[in-house]
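Dear colleague,

Please find below the structure that I am handing over to you. My notes on what was found in it follow.

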Amino acid sequence: MEAVVFRGPEDFGLEEVETPKCPKGGVLIKVDAVGLCGSDVRTFSSGHFAVTPPYILGHEAAGEIVESNNEKYPKGEKIVINPLVGLCGECYYCTHDLKNHCENKITLGTNLPGGYAQYTALPEDCCTDDTIVKVPDDFDLDLIPLAETTSSVYSVQEFARVKEGDDVVIMGAGPLGNLHSAIAKARGARKVIISEPSESRLEMAHRFESTDVFNNPKEEPLEKCVERETNGYGADVVIVACPVGAAQEQATHLVKPRGTVVLFGGLPKDNCHVSFDSNLIHYKELNVVGGFAYAPDVFAKAVELIVEKKIDATKFVTHIMPLKDIKEGIKAIKTGEAIKVVLKPWE
């Protein structure tokens with residue numbers, strides 16, 4: 001089969017590799033569509049501590065079960081794979097409802113060969129209803145890879161308690177920022193403000209009806225915009241959906257007393273320290289929270305939101321291209337030309 005093989009930072013490309021066998025008790029999946037995720041873009045550029053090259057990345061995979069040794073998951077089903085393919089169920093985190101922090105978790109494309117390939121296989125212990133989520137036969141599989149990103153966004157907004165009537169500021173208009181906008185509005189936010197210094201990304205964000213106010217901080221300081229749009233009180237929730245330390249620092253200035261700051265964009269490991277004005281956190285009684293991954297049951301909820309078109313995936317998936325053009329897809333993401341890139345291994 002053909003697959004993109006990661007051999008080291010900036011060293012990857014399409015190769016002919018052995019097609020995986022269907023494991024005992026497992027399934028073999030023909031990959032029809034796989035999302036190009038920002039975390040994989042970073043791995044292709046800089047490597048990842050948990051990935052030992054050569055390796056096949058890709059964790060947002062959807063396709064058809066073409067061979068099955070598991071009677072519960074028969075041949076012919078259209079499915080999307082939850083990237084959290086294996087949890088131990090026994091560690092402290094699994095037994096204290098913190099499953100996304102499982103000490104022994106197995107992730108597609110990190111601990112198990114992933115979806116940047118024509119086929120991928122799931123072993124028996126990864127074949128569960130949490131991992132293999134059926135997709136209706138008439139639904140376009142090119143759209144469903146958005147489910148993984150949607151899961152992370154939905155999960156952190158649950159944690160941050162985004163609620164009806166909130167004013168929400170989102171810093172960053174990439175795929176994550178626009179998903180935060182859509183989900184915040186679906187949760188009943190009164191006003192959603194999105195801020196983005198890239199004019200092309202900001203222009204692309206206008207396709208989403210969930211955003212009420214578009215801010216380019218190069219043209220108007222974000223603090224001034226938020227002050228005007230919230231009658232001087234500040235936002236209820238500010239979500240930093242970009243990997244920029246200065247944005248994280250600024251967020252504490254944008255929320256009202258007892259507001260919540262969500263740090264959703266991870267920073268580069270060699271530049272991950274920021275300087276908060278701790279008096280703002282203290283005297284405004286702010287909540288500062290992080291957001292990382294999601295519990296297994298949230299993935300099925302995300303699939304449901306997309307299939308039922310409560311999240312309009314057609315507006316997020318801006319580029320569909322052959323797997324062999326993955327480097328063009330990465331370029332489109334880095335330049336801001338694309339919101340979501342989906343790759344097709346059979347084209």
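Is Lys340 buried or exposed? Lys340 is buried, with a relative accessible area of 4%. Please bear in mind that the model is predicted.

Salt bridges

Lys340 forms a salt bridge with Glu60, and the closest N and O atoms of the two are 2.6 Å apart. Glu60 belongs to strand β4 (residues 60-68) and Lys340 to strand β17 (residues 340-344), so this pair ties together parts that are 280 residues apart in sequence. Glu60 is buried as well, its relative accessible area being 2%.

A search of the whole structure gives 19 salt bridges. One of them joins the side chains of Asp166 and Lys163, with 3.1 Å from N to O. Here Asp166 counts as buried at 3% relative accessibility, whereas Lys163, at 47%, counts as partly exposed.

Another joins Lys185 and Asp212, with 2.6 Å from N to O. This pair links distant parts of the chain, 27 residues apart: Lys185 is in helix α3 (residues 175-186), and Asp212 is in the loop between α4 (199-205) and β12 (213-215). Both partners are partly exposed, Lys185 with a relative accessible area of 26% and Asp212 with one of 39%.

Cysteines

The count of disulfides is zero. A disulfide calls for two cysteine sulfur atoms within 2.5 Å. The closest cysteine sulfur to that of Cys225 is in Cys242, 15 Å away, which is too far for a bond. Cys242 is accordingly in no disulfide. Cys225 is buried, with a relative accessible area of 1%, and Cys242 also counts as buried, at 15% relative accessibility.

The second largest pocket

The second largest pocket has a volume of about 440 Å³. Its lining is made up of 20 residues, and those nearest the centre of the pocket are Asp97, Leu98, Asn100, Ser155 and Phe159. The largest share, five residues, comes from α2. By class, the lining holds ten nonpolar, five polar and five charged residues.

Why does the second largest pocket lie between domain 1 and domain 2? Domain 1 (2-138 + 316-344) and domain 2 (155-290) both contribute residues to the lining, so the pocket lies between them.

With kind regards

Note on methods: Residues numbered from 1 in each chain as written. Predicted model: local features only at pLDDT ≥ 70, side-chain atom pairs only at ≥ 80, totals over all residues. Heavy atoms only, no water. Buried < 20%, exposed > 50% of the residue type's maximum accessible area, 1.4 Å probe, protein only. 1 Å grid on protein atoms, 1.4 Å probe; cavity = no way out; pocket = protein on both sides within 12 Å on 5 of 7 lines; lining within 4 Å. Points joined across faces, edges and corners; volume = space filled by probe spheres on them. Helix = DSSP H or I, 4+ residues; strand = E, 2+ residues; numbered from the N terminus. Nonpolar A, V, L, I, M, F, W, Y, C, P; charged D, E, K, R; others polar. Domains from an automatic or database assignment. Salt bridge = Lys/Arg side-chain N within 4 Å of Asp/Glu carboxyl O.
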